[in-house]
Amino acid sequence: MLKIERLFENNRAWARQHTNADPQFFSRLTTLQSPKLLWIGCADSRVPANEILGLAPGEVFVHRNVANLVIHSDMNCLSVIQYAVEILKVEHIILCGHYGCGGVRAAYGHTQFGLIDNWLRNIKDTYARHNDELARIMEDDTREDRLCELNVLAQVESICHTTILQNAWARGQQLEVHGFIYRLQDGLLHDLAVSITGSEQIQDIYRM
Ligand code: CO
């Protein structure tokens with residue numbers, strides 16, 4: 001069993017390391033939080049935002065959930081986006097998925113896992129929307145990888161469909177939404193090149 005005491009030892013060593021390198025490090029952070037980035041990623045323990053981006057505390061605002069979903073009725077995620085956009089005034093929102101995502105794999109299959117199946121249903125909807133493209137992929141693993149990418153794309157769009165983003169753009173706020181994907185095998189991030197920088201890039205029906 002994991003020893004909880006070990007976590008405090010790790011924490012003390014980590015705090016000491018930061019203080020040694022920069023004695024004002026923590027006192028500066030107590031008065032100011034001004035990250036330029038919002039990261040929305042998977043809750044998967046292997047995809048930690050700060051470490052992957054090489055960023056210190058204070059540099060990235062983070063929201064994570066199973067399979068990095070942005071559901072239009074999820075008050076938790078919407079509140080994070082609203083706070084990040086309107087109060088922190090982040091300049092970039094990164095929606096980051098990852099290959100080998102357990103949530104995507106579960107949605108891809110037909111086994112029941114409980115309540116979470118209702119959350120992952122959103123990924124099945126994405127699958128259904130891209131059924132023709134996915135059906136043309138012969139390799140099972142490749143099809144699953146593509147579903148991970150399509151899930152990122154769907155969430156990037158979902159972020160941009162919110163009134164939060166559209167109002168920010170209408171005010172003239174500079175805000176870019178990006179879709180990245182992370183590969184567990186090599187630790188590398190890839191830009192899916194689906195960035196959205198204004199309302200004119202979203203489908204007409206969603207435009208406010
Ligand atoms: Co995942």
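1. A salt bridge is taken here as a side-chain nitrogen of Lys or Arg within 4 Å of a carboxyl oxygen of Asp or Glu. By this rule, E133 forms a salt bridge with R146, and the closest N and O atoms of the two are 2.5 Å apart. The pair links distant parts of the chain, with E133 in helix α7 (residues 131-135) and R146 in helix α8, 13 residues apart; helices are DSSP runs of H or I with at least four residues, strands are runs of E with at least two, and both are numbered from the N terminus. E133, R146 and E149 are linked in a network of salt bridges.

2. On the basis of the model: this is a predicted structure, in which local features need pLDDT of at least 70 and side-chain atom pairs count only at pLDDT 80 or more, while totals for chains, interfaces and linings use all residues. Residues are numbered from 1 along each chain as its sequence is written, and side-chain values use heavy atoms, with hydrogens and water left out.

3. The protein chain is divided into domain 1 (1-31) and domain 2 (34-206), with bounds that come from an automatic or database domain assignment. The centres of domain 1 and domain 2, taken over C-alpha atoms, are separated by 30 Å.

4. C42 lies in strand β1 (residues 37-42) and C101 in the loop between β3 (92-98) and α5 (102-108), so the pair ties together parts that are 59 residues apart in sequence.

5. Burial is given by relative accessible area: buried means under 20%, exposed over 50% and partly exposed in between, with a 1.4 Å probe and protein chains only.

6. With a disulfide defined as a pair of cysteine sulfur atoms within 2.5 Å, the count comes to 0 disulfides. C96 is in no disulfide, the nearest cysteine sulfur being that of C42, 9.4 Å away, and C96 is buried, with a relative accessible area of 1%. C148 is likewise in no disulfide, the nearest cysteine sulfur being that of C101 at 5.8 Å, and C148 is buried with a relative accessible area of 2%.

7. A nonpolar core is a set of buried Ala, Val, Leu, Ile, Met, Phe, Trp, Tyr and Cys residues joined through side-chain atoms within 4.5 Å. The largest such core has 44 residues, and those with the most contacts inside it are L38, I40, I81, I93, I159 and L165. Two or more residues come from each of β1, α4, β3, α5, α6 (116-129), α8, α9 and β4, and α8 gives the most, with 7 residues. Leaving aside its neighbours within four places in sequence, I159 is in contact (heavy atoms within 4.5 Å) with I40, V70, I81, I93, L95, L165 and V177. Another core, of 9 residues, lies apart from the largest one and has W39, V47, C96 and F180 among its members.

8. Helix α9 (residues 163-170) has I164, L165, Q166, A168 and W169 as its buried residues. What covers these residues includes α4 (75-87), β3, α8 (140-161) and β4 (176-183). Just after α9, G172 takes a positive phi of about 90°.

9. To return to the charged pairs, the count comes to 9 salt bridges. One of them joins D125 and R121, whose closest N and O atoms are 3.2 Å apart; both residues lie in helix α6, 4 residues apart, which is about one turn of the helix. D125 is partly exposed at 29% relative accessible area, and R121 counts as partly exposed at 46%. D140 also forms a salt bridge, with R143, the closest N and O atoms being 2.9 Å apart, and these two are separated by about one helical turn because they are 3 residues apart in helix α8. D140 counts as partly exposed at 45%, whereas R143 is buried at 14%.
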